[in-house]
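User: Could you walk me through the open and enclosed spaces of this protein, and what sits in them?

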Amino acid sequence: MKNLNPEKLTLATRLTQLGRSTQDQRGFVNCPVYRGSTVVFNSVEDLEHSRAEFAYGTLGTPTIKNLEDAWTELAGAAGTVMSPSGLGAVALALMTTLKAGDHLLMPDTVYRPTRSFCDLTLKKFGVTTTYYDPLVGEGIVNLLRPETTTLFLESPGSQTFEIQDVPLMTRIARERGIKTIIDNTWATPVFFQAHRHGCDLSVEAGTKYLSGHSDLLMGMVSANAETWRDLRATYDSMAMLPGAEDCFLALRGLRTLHIRLKEAETRALNIASWLAEQPEVKTILHPAFESCPGHHLWQRDFTGSTGLFSIILDPAYDKSAVTRMLDGLELFGMGYSWGGFESLIIPFNCRDYRTVTQWKEQGATLRLQIGLEDPQDLIADLRAGLDRLHGEE
Ligand SMILES: Cc1ncc(COP(=O)(O)O)c(C=O)c1O
């Protein structure tokens, strides 16, 4: 930013300014894609003292640095590093705070591949994981061990959208010298300021809303001042970084992040409200709805909601009815990921893999990602789908 005081600017304005300098770009508005491994030094002395703004491709390029700096500012962090995927960012954060012999606390509702990373890879390196009920609140103290060094949070929880009491949990952890990591992919820093709510590290799958177009994979980890040095050192020791082109696209996505999120919020609320009135739908699992566990915490701590939520259908509809509903949808694609411009829907069964919470609902569960199609078109597609639950059309 020129001489602008970021404190005085609204988020929308800051997103147009962050991570670019027309001066450094010979007047061009955007930072180009810097590709490169080698950086040439001017003299032996410069080489010996690494005296250059950039020393080698794995340590950063102007494109990467612009993205890191912009995210740091947006997240209210001390620093950010990038990763080639959201899951990579989760792994990087965990490797920053954990070592052999440590104990880790993970919410039972965590993104399933994060669970696999703990159960396979961290276990192999001598880290023990205990899963906990995301709504445990103060009860987390009963699960702490002398060797607990990391408390992981994901709020809302994957697929079922439980909102956690982040300020409470981070306070409990901080008082005992335990590091906290949050997966903040759903809300992004636009709607939830993780560091301000006490988290040491905040992970974001840039694959979702930062990209916004389902055309790249990326992750970010931002850190508060006390954790930044460790995060950067862990990152530097592995140099797992995204490609130059993806960083350029992410910077481009940053410019419209705010308006896309606002639009996703409005459209998802619209569709979820409509679904709540359909007789085939039993429950809406959307943090902005009272029916969502932890809704009051969402009201207290978040400044908005995004385009991803779930529904529970009336238990009257069996698997073949739900298959009929989904197979016939014309606008909703069936696929993983979310945060893009297109609407998606997937059935899920969290009973299959959660270990400490019991999913008691009998009805089929569906997760919806609301894209930028006209909501009336989406409603028509869903209504026809719900009709198919009743029998062959
Ligand atoms: C909550 C959450 N965190 C992390 C990820 C991982 O992101 P990526 O697909 O970029 O590895 C996902 C992907 O769906 C996610 O839903």
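User: How does the lining of the largest pocket divide by class?
Analyst: Happy to start there, with the reminder that this is a predicted model. The largest pocket is lined by 31 residues. By class, that lining has 16 nonpolar, nine polar and six charged residues.

User: What volume does the largest pocket have, and which residues are closest to its centre?
Analyst: The space in the largest pocket comes to about 670 Å³. Of its lining residues, the closest to the centre are Tyr 111, Arg 112, Pro 113, Ser 158 and Arg 367.

User: Which strand supplies at least two residues of that lining?
Analyst: Some of the lining comes from helices: helix H4 (86-97) and helix H5 (112-124) each supply at least two residues.

User: Where does the ligand sit?
Analyst: Let's look at its neighbours before naming the place. The ligand is surrounded by 13 residues, and the closest are Gly 86, Leu 87, Asp 183, Thr 207 and Lys 208. By class, this shell holds five nonpolar, five polar and three charged residues. The space that the ligand takes is the largest pocket.

User: Which side chain has an N or O atom 2.7 Å from an oxygen atom of the ligand?
Analyst: A polar backbone atom of Gly 86 is 2.7 Å from a ligand oxygen, but that is a backbone atom. The side chain of Trp 338 has an N or O atom 3.3 Å from an oxygen of the ligand. The side chain with the 2.7 Å distance belongs to Lys 208.

User: How much of the ligand's exposed area does the protein bury?
Analyst: Taken alone, the ligand exposes 390 Å². Of that area, the protein buries 90%.

User: How many cavities of 30 Å³ or more are there, and what is the volume of the largest?
Analyst: Searching the whole structure turns up one cavity of 30 Å³ or more. The volume of the largest cavity is about 80 Å³.

User: Which helix gives the most to the lining of the largest cavity?
Analyst: The lining residues include Tyr 209, Arg 260, Ala 264, Arg 267, Phe 341 and Leu 372. By class, the lining has five nonpolar, five polar and two charged residues. With three residues, the helix that gives the most is H9 (residues 244-276).

Terms used. Residues are numbered from 1 along each chain as its sequence is written. This is a predicted model: local features need pLDDT of at least 70, side-chain atom pairs count only at pLDDT 80 or more; totals for chains, interfaces and linings use all residues. Side-chain values use heavy atoms; hydrogens and water are left out. On a 1 Å grid over the protein atoms alone, a cavity is a set of points where a 1.4 Å probe fits but cannot get out, and a pocket is an open set with protein on both sides within 12 Å along at least five of seven lines; lining residues have an atom within 4 Å of a point. Grid points are joined across faces, edges and corners, and a volume is the space filled by probe spheres set on the points. Helices (H or I, at least four residues) and strands (E, at least two) are DSSP runs, numbered from the N terminus. Ala, Val, Leu, Ile, Met, Phe, Trp, Tyr, Cys and Pro count as nonpolar, Asp, Glu, Lys and Arg as charged, and the others, Gly among them, as polar. A residue is near a molecule or strand if one of its heavy atoms lies within 4 Å of it. A polar contact is a pair of N or O atoms within 3.5 Å; within protein, one must be able to donate a hydrogen and the other to accept it, and residues adjacent in sequence count only if both atoms are side-chain atoms. Accessible areas come from the Shrake-Rupley method with a 1.4 Å probe; for residues, only the protein chains shown count as cover. A molecule sits in a cavity or pocket if more than half of its atoms lie within 2 Å of its grid points.
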